[in-house]
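Welcome! Here is a short tour of one protein model, starting with its rings and ending with its pockets.

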Amino acid sequence: MARIVFMNDRLVPEDEARVSVFDHGLLYGDGVFEGMRSYSGRVFRLDAHIDRLWESAQAICLKIPLTKEAVAQAVNETLAANGLTDGYVRLLVTRGAGTLGLDPNRTKNPQVIVIADTISLYPREHYEKGLRIVTAATQRTQAAALSPRIKSLNYLNNIMAKLEGLQAGCVEALMLNHKGEVAECTGDNIFVVRKGLLLTPPPDAGILEGITRGAVMDLARSAGIDCREATLTRHDLYTAEECFLTGTAAEVIPVVEIDGRSIGTGRPGPVTAKLLAAFHALVRQ
Ligand code: PXG
């Protein structure tokens, strides 16, 4: 069935939703995006996603030509127009069409696009048995080169690491920062349970501050689990009791093997199970 897409100021059928070949989003990956989910007709943490989009745009000197309220409304209207109550939303803002040169000042009309679709979930087995992941040789970009806190349309850093994971037969791959510390996975944040503490790398380790990550940290604290941001090495992961990933698409997904090392019992652990259940309850409440 043809989808309905929001473009700038209106809803159009998908084959009328087109961008210019001169759009710097296409030519240079110059733009920003968000990926979010709706559950029972409500977008999970819509305001947080919109705030993060605005922060990414601010960081690249991109002025979004709509208000936050108008963008939130566009997201909800796009879901409704596609008859989706439980779906995935891709919200993006491109720099707009310009000249064949890098200069963003020579572009016009940033494109605000909202695409809504059904979500393709990881198979149930991944949640029951846990994922195997490997460390990618591709490092997360240093903040001084390109901050991982910007969710930009240029995702090649993550895609290079994802390719390495796929070549190793894994759906996710671990990325380290330039200091060799654990940063995150290609599209998910990482947590470990170590000596009874729940640990996740801090923003300055070179991560995108995930909305799911934030929600899981809050849930852990409410459940009396001591959750902290901490610099982690691969050794901390290999010797952890439990490990899991968080992300909009994955929600909370257990990891049971990293670089051939079995983590904890080699099966999804109790803290992971508790947080996954708490997350399900939160999004469906
Ligand atoms: N790190 C990176 C690099 C991401 O891209 C996350 C962590 C998790 O953040 P959230 O806010 O989702 O908890 C992301 C999010 C996709 C897709 O289509 C990717 C993300 C989100 C939604 C969809 O692959 N990445």
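## A charge over a ring

Which arginine lies over the face of tyrosine 238? Arginine 261 does, at 4.1 Å from the ring centre; a charge sits over a ring if NZ of Lys or CZ of Arg is within 6 Å of the ring centre and within 35 degrees of the ring normal.

This is a predicted model, where local features need pLDDT of at least 70, side-chain atom pairs count only at pLDDT 80 or more, and totals for chains, interfaces and linings use all residues. Residues are numbered from 1 along each chain as its sequence is written, and side-chain values use heavy atoms, leaving out hydrogens and water.

## Aromatic pairs

Rings of Phe, Tyr and Trp (its six-membered ring) pair if their centres lie within 6.5 Å, with planes under 30 degrees apart counted as stacked, over 60 as edge-to-face and the rest as tilted. The count comes to four aromatic pairs. In one of them, the centres of phenylalanine 33 and tyrosine 155 are 5.2 Å apart and the planes stand at 75°, so the pair is edge-to-face. Phenylalanine 33 has 9% relative accessibility and therefore counts as buried (under 20% relative accessible area, with exposed over 50% and partly exposed in between; 1.4 Å probe, protein chains only).

Tyrosine 39 and phenylalanine 44 also pair edge-to-face, 6.4 Å centre to centre with 90° between the planes. Both residues are buried, and together with Phe279 they form one aromatic cluster.

## Between two domains

Domain 1 (4-117) and domain 2 (124-283) both give residues to the lining of the largest pocket, so this pocket lies between them. The domain bounds come from an automatic or database domain assignment. A pocket is an open set of points on a 1 Å grid over the protein atoms alone, where a 1.4 Å probe fits, with protein on both sides within 12 Å along at least five of seven lines; lining residues have an atom within 4 Å of a point.
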